[in-house]
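Dear colleague,

Please find the structure below, handed over for your own work. My notes on what was found in it follow directly after.

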Amino acid sequence: MAKVLVLYYSMYGHIETMAKSVAEGAASVEGVEVTLKRVPETMPREALEKIGAKVEHDVPEATVAELPDYDAIIFGTPTRFGNMAGQMRTFLDQTGGHWLGGKLIGKVASVFTSTATGGGNETTILTFWPTLAHQGMVIVGLPYAAQELLDISQPRGGSPLGAGMLAGPDGSRQASENELGQARFQGRHVAGIAKKLHG
Ligand SMILES: Cc1cc2nc3c(=O)[nH]c(=O)nc-3n(C[C@H](O)[C@H](O)[C@H](O)COP(=O)(O)O)c2cc1C
């Protein structure tokens with residue numbers, strides 16, 4: 001079995017919803033085992049409660065040590081001023097040992113994101129990619145074969161770099177069918193490549 005990890009950070013739940021759709025898409029590929037995990041929170045619970053962030057989770061935390069166990073990792077992060085969230089950055093900054101040992105070389109990597117208004121829809125993924133390249137990972141985007149990317153009849157996130165959604169300026173918008181479709185496509189696409197590379 002090729003092993004795919006969907007690894008995300010989500011403060012308000014939008015990326016978590018997208019991550020579940022990515023996992024669903026990946027799981028639809030036969031011969032692929034999918035695991036859904038989140039990166040550890042770095043903010044104090046009290047601060048999170050003050051800003052109405054999610055504090056209870058049913059998805060387990062990942063450890064840095066387990067990353068080499070997977071053939072592919074699909075990362076999900078909300079944007080922070082056009083970059084990944086600090087929680088994801090902190091997690092990745094603990095992978096120096098894997099870099100030193102070449103433990104992630106040749107593994108498939110892909111990124112999806114969420115923005116409030118679309119500012120950072122592409123840059124969040126683009127600025128994520130150098131970390132993956134430094135690790136020697138095989139970076140995969142979201143091809144235009146995903147019909148959702150051709151539909152401009154409604155506001156949406158997402159680009160050929162990876163699935164995306166718009167949470168709205170006040171965070172009240174939920175992922176549309178289009179955006180969830182992108183997420184499922186990306187999961188299926190990455191899982192298919194991971195399976196081929198796994199042999
Ligand atoms: C510090 C900070 C910076 C943010 N920067 C941006 C931004 O540059 N562009 C944008 O559209 N949304 C921005 N947002 C909004 C988040 O991206 C949005 O809340 C997130 O996509 C929701 O995902 P989540 O529910 O998974 O946490 C920012 C939010 C915070 C807290």
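By the rule applied here, the count comes to 2 cavities of 30 Å³ or more. A cavity is a set of points, on a 1 Å grid over the protein atoms alone, where a 1.4 Å probe fits but cannot get out, and lining residues have an atom within 4 Å of a point. Grid points are joined across faces, edges and corners, and a volume is the space filled by probe spheres set on the points.

This is a predicted model, in which local features need pLDDT of at least 70 and side-chain atom pairs count only at pLDDT 80 or more, while totals for chains, interfaces and linings use all residues. Residues are numbered from 1 along each chain as its sequence is written, and side-chain values use heavy atoms, with hydrogens and water left out.

**Cavities**

The largest cavity holds about 50 Å³ of space. Its lining consists of Y8, Y9, S10, R38, V39, E41 and H57, which divide into 3 nonpolar, 2 polar and 2 charged residues. For these classes, Ala, Val, Leu, Ile, Met, Phe, Trp, Tyr, Cys and Pro count as nonpolar, Asp, Glu, Lys and Arg as charged, and the others, Gly among them, as polar.

The second largest cavity has a volume of about 40 Å³. Around it are L67, F75, L92, T95, L104, T131, L132, Q135 and M137. By class, this second lining has 6 nonpolar, 3 polar and no charged residues.

E41 is found in the loop between strand 2 (32-38) and helix 2 (45-50). Helices (H or I, at least four residues) and strands (E, at least two) are DSSP runs, numbered from the N terminus. At 26% relative accessibility, E41 counts as partly exposed, since buried means under 20% relative accessible area, exposed over 50%, and partly exposed in between (1.4 Å probe, protein chains only).

The side chain of E41 makes polar contacts with two side chains: that of Y9 at 2.6 Å and that of Q87 at 2.9 Å. A polar contact is a pair of N or O atoms within 3.5 Å; within protein, one must be able to donate a hydrogen and the other to accept it, and residues adjacent in sequence count only if both atoms are side-chain atoms. Not counting residues up to four places away in sequence, E41 touches Y9, L48, E61 and Q87, where contact means heavy atoms within 4.5 Å.

**The largest pocket**

A pocket is an open set of grid points with protein on both sides within 12 Å along at least five of seven lines. The largest pocket has a volume of about 290 Å³. Of the 17 residues that line this pocket, the closest to its centre are Y12, H14, P78, R80 and A167. Helix 1 (14-27) and strand 4 (108-115) each supply at least two residues of the lining. By class, the lining of the largest pocket has 7 nonpolar, 8 polar and 2 charged residues.

**The ligand**

How many residues surround the ligand? There are 17, and the closest are S10, H14, I15, S114 and G119; a residue is near a molecule or strand if one of its heavy atoms lies within 4 Å of it. A backbone N or O atom of Y12 lies 2.9 Å from an oxygen atom of the ligand. A polar backbone atom of I15 is 2.8 Å from an oxygen atom of the ligand, and a polar backbone atom of G119 is 2.7 Å from a ligand nitrogen.

S114 lies in strand 4 and is buried, with a relative accessible area of 5%. Beyond four places in sequence, S114 touches H14, I15, T77, P78, T79, M165 and A167. The C-alpha atoms of S114 and A163, 49 residues apart along the chain, are separated by 8.4 Å.

**Two residues of helix 7**

N178 is placed in helix 7 (residues 177-198) and is buried, at a relative accessible area of 7%. The side chain of N178 reaches the backbone oxygen of E148 at 3.0 Å. Leaving aside neighbours within four places in sequence, N178 is in contact with E148, D151, Q154 and R156.

Q182 also lies in helix 7 and is buried, with a relative accessible area of 0%. A polar atom of the Q182 side chain lies 3.2 Å from the backbone nitrogen of G164. Residues touched by Q182, beyond four places in sequence, include L142, E148, L149, R156 and G164.

With kind regards
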